[in-house]
Amino acid sequence: MGIVYRADPPSARCLVALDALDLIYHRPSGMTHIVSEPVPQILDMLTNGPADAEAIVVRLLEQHDFDPEGAVEAVAARLAELEAIGLVERT
Amino acid sequence: MRYRFDVRIGPVGFRVGSAWRQPIAALRDLYAGYPEPDGGIADFTVRLEPERPWRRYLRPSVAIHGDFTLPDAAPLPLAQGLLAAEMGMNLQMALGQRRYLLLHASVVERDGWALLMTGHSGAGKSTLAALLGERGWRFMGDEFALLDPGTGLLHAFPRLVSLKNAAIDAMTAEIAADRFGPLLMGTPKGAIRHLRPNAAALSAMDAPARPALILFPRYGFAAAARPVGASEAFVRLTQASTNYVAMGEPAFDALSVLVRDVPGRAIDYPDTEGAVALVERLWTEALA
Amino acid sequence: MRALADAMREPATTATLDAEGWTSLFAAARAEQMIGSLAFRLEAQPMPAAAARILADARASAEQWRRSALWEAEMARRALAQLDLPVVLMKGTAYAAAGMDAGAGRSIGDLDIMVPREALKAAETALIAAGWEWVKPDPYDDAYYRDHMHELPPLIHRERDRMIDVHHTTLPLTARITPDAAAMLADSVVLEDGLRIMAPEDMVLHGVAHLFADGDLAGGLRNLWDQDRLLRELGVVAGFWDRLRARARLHGLEWHLALALRLTRHLYATPVDPALAGRAGLFDRWFVRRLLARDGWGRQTRKFTQLAFYIRSHWLRMPPAMLARHLWTKWRKAT
């Protein structure tokens with residue numbers, strides 16, 4: 001099992017989708033993050049409770065269509081970045 | 001302090017105090033006709049004072065202090081006291097303004113709609129705004145655009161235009177001599193001459209305008225224009241803001257609405273005449 | 001000028017201010033870093049619209065500072081979580097985290113935390129792993145900090161650009177007064193999220209120690225306002241003043257506490273235990289003059305007293321021979 005992360009509830013964020021990128025205003029930190037897919041989706045998946053990268057990919061596959069090969073590694077890398085900026089936290 | 005000058009520029013009141021007469025006299029002259037701060041209460045205090053008491057007389061050098069100060073702001077010679085006053089006011093805005101989202105941009109207005117121009121120093125946004133202000137547009141400011149997060153409107157901040165180097169000759173050819181301040185040679189930015197905004201800019205100072213077009217001008221290239229997407233505009237405007245982070249969520253909301261609703265264009269221009277023509281064309285398209 | 005202290009003590013005193021009085025009050029409050037506290041203090045006070053707008057901006061700004069200070073504490077908590085240490089928040093961040101009156105509108109600068117001395121190295125390693133970096137790579141400064149000061153050299157976070165000061169005691173090791181840091185840690189109070197704040201009496205005494213030992217009394221007006229708010233909030237709890245007396249004795253801060261109580265009572269009419277405050281000392285008036293040495297343009301006045309205090313503060317921080325060595329090294333580097 002990989003590192004299990006949790007995220008703040010959606011009310012802690014304000015998300016604005018623009019042309020190519022998404023903006024996230026994170027209320028607890030007062031910081032703005034400019035992100036692209038699948039970061040908003042990963043955060044969405046964490047609203048149903050803490051999960052590791054594999055579980056997040058499983059949840060994503062229920063709602064989105066994509067090639068799962070390499071997806072766990074990619075999601076794990078995004079989670080590490082999200083941890084560094086404080087949008088997710090290890091449980 | 002021995003000499004002082006109080007002034008309101010757009011919605012912001014300043015109190016400038018000085019140990020010397022000259023900078024205050026220059027401010028009085030160039031800001032003649034501007035109102036007092038609202039209710040006589042200044043938003044910001046600027047102090048022009050000697051670094052050490054004896055420097056008031058001996059090789060006088062003007063340290064720029066005030067409510068908000070940078071520890072490493074180098075003093076200027078007394079001959080550049082007007083520039084010091086202007087820099088002091090800029091500094092208060094950059095470090096202390098919390099009512100309006102501050103964008104490092106110039107703004108002109110026509111028919112109630114505002115054109116916002118932002119770019120690096122030397123991109124020509126200041127000269128372009130000053131020139132448009134003499135050609136049928138209302139000059140709203142050449143340094144800071146004030147975006148009201150509550151309304152999404154831009155407020156005018158028509159400070160003196162600070163013309164640099166080649167722009168000085170271009171504008172003196174166009175405008176009556178009595179609107180210019182003294183020519184300041186050898187400043188940290190080269191030659192500088194201040195230009196007083198015209199009567200139309202002053203009389204309509206309190207009328208805000210709704211943004212209709214955002215331009216990112218670049219001087220010195222063949223004329224060209226390309227669309228700037230909302231996310232690129234967002235990034236560039238946060239970089240052009242001194243108080244985006246400090247203002248928190250209202251700034252986020254205001255800026256994301258601005259870039260979503262208002263078209264952005266990056267323009268290249270070889271000379272100012274070409275730029276004016278390009279701006280007019282893009283303006284017509286944007287308002288169509 | 002007295003107007004700032006007066007407005008903080010009794011907001012109704014602002015009723016007599018004219019336009020120039022308001023402008024001067026704001027300049028002085030900004031210079032003392034008290035504009036946010038002033039804004040909260042005067043929230044219910046009638047005033048001209050222009051003044052109300054300036055103070056509304058100050059409240060919004062303070063709220064943003066509070067948010068980012070608490071976030072900085074949270075990120076430090078996450079970085080240090082695996083070490084299972086007591087992490088004690090200090091000063092402004094502590095007041096904000098505990099929701100105390102002293103935190104209302106207070107400007108908060110760097111994050112100050114205290115950890116046990118033996119955990120300093122591990123804390124440093126964990127913070128660096130989480131993105132903090134040295135501010136000063138200069139080996140002399142570094143050695144100076146580690147040998148003689150009460151903290152690690154300051155670290156700055158490379159993404160968020162915010163400083164953290166990690167202390168293992170409350171004052172420089174070279175200071176003449178040496179509060180019992182181990183006792184402050186041992187008696188600290190845990191908050192909901194696992195971070196800690198000092199016990200009420202220690203919170204007051206830590207502020208007192210800083211007022212007289214950390215610098216040249218600069219920021220004294222704000223420091224004493226903290227004391228006023230803390231004493232009003234904590235002083236009503238049964239047994240507080242007795243515990244404060246005992247604790248001051250433990251830390252060797254009785255003289256400093258008594259003086260601080262007299263000063264805050266003088267400036268802000270703080271209700272204090274008269275027995276603890278004691279009789280006015282010879283220097284009380286000198287301290288008051290120094291604390292109020294600011295004019296309506298926000299300038300420091302009374303240059304002479306400032307100089308005296310500058311000498312005094314270095315005296316307190318370092319034994320004299322060390323000071324000479326420190327200054328010499330600084331001068332040499334400057335050339």
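**Note on the interfaces**

1. Chain B and chain C bury about 1900 Å² between them, and carbon and sulfur atoms give 51% of that area; buried area is the accessible area (1.4 Å probe) that two parts lose on being put together, summed over both. On the side of chain B, B:R15, B:I41 and B:R99 lose the most area to chain C, together 34% of what that side buries.

2. This is a predicted model, in which local features need pLDDT of at least 70 and side-chain atom pairs count only at pLDDT 80 or more, while totals for chains, interfaces and linings use all residues. Residues are numbered from 1 along each chain as its sequence is written, chains are lettered from A and ligands numbered from 1 in the order in which they are written, and side-chain values use heavy atoms, with hydrogens and water left out.

3. The contact (heavy atoms within 4.5 Å) joins 24 residues of chain B to 20 residues of chain C. The rule finds 5 salt bridges across this interface, a salt bridge being a side-chain nitrogen of Lys or Arg within 4 Å of a carboxyl oxygen of Asp or Glu. One of them links C:D57 and B:R99 at 2.8 Å, N to O.

4. β2 (12–18), β3 (44–50) and α7 (244–247) of chain B each supply at least two residues of the side that touches chain C; helices (H or I, at least four residues) and strands (E, at least two) are DSSP runs, numbered from the N terminus. β3(B) gives the most, with 5 residues. By class, this side of chain B has 10 nonpolar, 5 polar and 9 charged residues; Ala, Val, Leu, Ile, Met, Phe, Trp, Tyr, Cys and Pro count as nonpolar, Asp, Glu, Lys and Arg as charged, and the others, Gly among them, as polar.

5. Chain C also meets chain A, with 9 residues from chain C and 13 residues from chain A. The two chains bury about 750 Å², 50% of it on carbon and sulfur atoms. C:R67, C:W71 and C:R78 supply 65% of the area that chain C buries there, more than any other three residues.

6. Across the interface of chain C and chain A the rule finds 2 salt bridges. One of these pairs A:E89 with C:R77, the closest N and O atoms being 2.7 Å apart. The side of chain C that touches chain A has 2 nonpolar, 2 polar and 5 charged residues.

7. Within chain B, helix α1 (residues 21–30) and helix α2 (residues 81–96) pack at an angle of about 75°, with their axes 8 Å apart; axes are lines fitted to C-alpha atoms, for helices over the stretch in contact, and angles run from 0 to 180 degrees between N-to-C directions. α1(B) and α2(B) are therefore roughly perpendicular (65 to 115 degrees).

Notes. Angles under 35 degrees count as roughly parallel, over 145 as roughly antiparallel, 65 to 115 as roughly perpendicular and the rest as oblique.
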